Amino acid sequence: MNYRIVTIPGDGIGPDIVHEGCRVLEAVGKKFGHSFSFSPVLAGGAALDATGEPLPQSSLDACCAADAVLLGAVGGPKWDTLPGAKRPEKALLGLRAGMKVYANLRPALMFRQLSAACPLKAEVVGSGLDILIVRELTGGIYFGDRGRSPDNSSAWDTEAYSVPEIARVVKIGFESAMKRKKRLCVVDKANILETSRLWREVTESMKGDYPEVALSYMYVDNAAMQLVRNPAQFDVIATSNMFGDILSDEASQITGSIGMLASASLGDSGPGLYEPIHGSAPDIAGKDLANPLATILTCAMLLRYSFGLEAEAKAIEGAVEKVLDAGWRTGDIAGSAADRAALGDKLVGTKKMGDLVVSAI
Ligand code: IPM
Ligand code: MG
């Protein structure tokens, strides 16, 4: 079977890491007898430079027509002073809305080989960190009505959610929990926000379908605290767009594995959008220094969620484990200056790390 993947290498280190992701997919294809075709399109700063638009219509059309979309990273200081509608981030929002990928799955996982990089004390972390944040991605305050009074003396942004918008995300939360440790925590601000109260009502109306899932609710301020106080209490967190944005950054940081974390954005039908959670790191772009493992692990999510290729996804994840077990590290996961010096030739760049994963597959 041939799978058509549209790539958005994007800005900064995006092209470096997407290149390695594609090589790894090719290796998996060779091993398991699939073929993948890759068609790059422009979005973000690269598209602004070439066309004046952060997300040209032709790029969005190509993404919607693909079997899956792999995105590296967009943005950088070069475009930071542009007005809102012309910022590279606009491409991300345009892709999410245009591809109707309403559920954003962000696993926050601590790799045991990198546990020394976890900023929390070992006794707080316990046996490890493995949390899945399911973030609503195409609604809420990100897409609500916003504006300013004519005299600029006030401004507003609006949080609005409909029952179906909530239900489809909470459903993914329940279903993900069923495949994991069967715990779902809906995070909200129901002591203040009417939208949060609706999230709770919708969740209550659905919980009967998932009797095995231990359901809880938590206010977002408390959740921010609990994530650093006792992260092991969480399995799956389902939450709104903005709360999910904030908590997923916090959760990724406490794993200490930020250069390793993947994400998937899914809709009902149509292609999923896959991207590493880290940014475009323009300072190290093109220097063969970026860690490609988050993108490589993102490719595993792509195989799993878009193509149902579980054995192939596991082959990638197993290969990454093997490379880490053998002690290979890129700079970002190499530890202190002393650790780094002790690594010798096991301290490698982007391409070599890609090679290692390819040969482990
Ligand atoms: C993310 C990012 C984006 C978001 C920005 C760049 C628009 O922070 O993917 O989490 O807020 O969703
Ligand atoms: Mg964010």
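Colleague: Which helix gives the largest share of the shell around ligand 1?

Modeller: Helices (H or I, at least four residues) and strands (E, at least two) are DSSP runs, numbered from the N terminus. Here helix H4 (residues 89-98) gives the largest share, three residues. This is a predicted model, where local features need pLDDT of at least 70, side-chain atom pairs count only at pLDDT 80 or more, and totals for chains, interfaces and linings use all residues; side-chain values use heavy atoms, without hydrogens and water. Residues are numbered from 1 along each chain as its sequence is written, while chains are lettered from A and ligands numbered from 1 in the order in which they are written.

Colleague: Which residues are around ligand 1?

Modeller: A residue counts as near if one of its heavy atoms lies within 4 Å of the molecule. The residues around ligand 1 are Glu89, Leu92, Arg96, Arg106, Arg135, Tyr142 and Asp245.

Colleague: How do I read the distances from Arg106, Arg135 and Tyr142 to the ligand?

Modeller: As polar contacts, meaning pairs of N or O atoms within 3.5 Å; within protein, one must be able to donate a hydrogen and the other to accept it, and residues adjacent in sequence count only if both atoms are side-chain atoms. A polar side-chain atom of Tyr142 lies 2.5 Å from an oxygen atom of ligand 1. For Arg135 the distance is 2.8 Å, and for Arg106 it is 2.9 Å. The protein covers 71% of the 320 Å² of accessible area that ligand 1 has on its own (Shrake-Rupley method, 1.4 Å probe; for residues, only the protein chains shown count as cover).

Colleague: Is Asn291 buried or exposed?

Modeller: Buried means under 20% relative accessible area, exposed over 50%, partly exposed in between (1.4 Å probe, protein chains only). Asn291 has 5%, so this residue is buried. Asn291 lies in the loop between strand S12 (272-276) and helix H10 (293-307). The Asn291 side chain reaches the backbone oxygen of Gly259 at 3.3 Å and makes a polar contact with the side chain of Thr330 at 3.4 Å.

Colleague: What does Gly21 touch?

Modeller: Contact means heavy atoms within 4.5 Å. Not counting residues up to four places away in sequence, Gly21 touches Thr295, Ile296 and Cys299. Gly21 lies in helix H1 and is buried, with a relative accessible area of 0%. Its C-alpha atom is separated by 9.4 Å from that of Ala300, 279 residues apart along the chain.

Colleague: How many bridges join strand S1 to strand S2?

Modeller: Two strands pair if DSSP finds at least two bridges between them. Six bridges join S1 (residues 2-10) to S2 (residues 35-40), and these strands run parallel.
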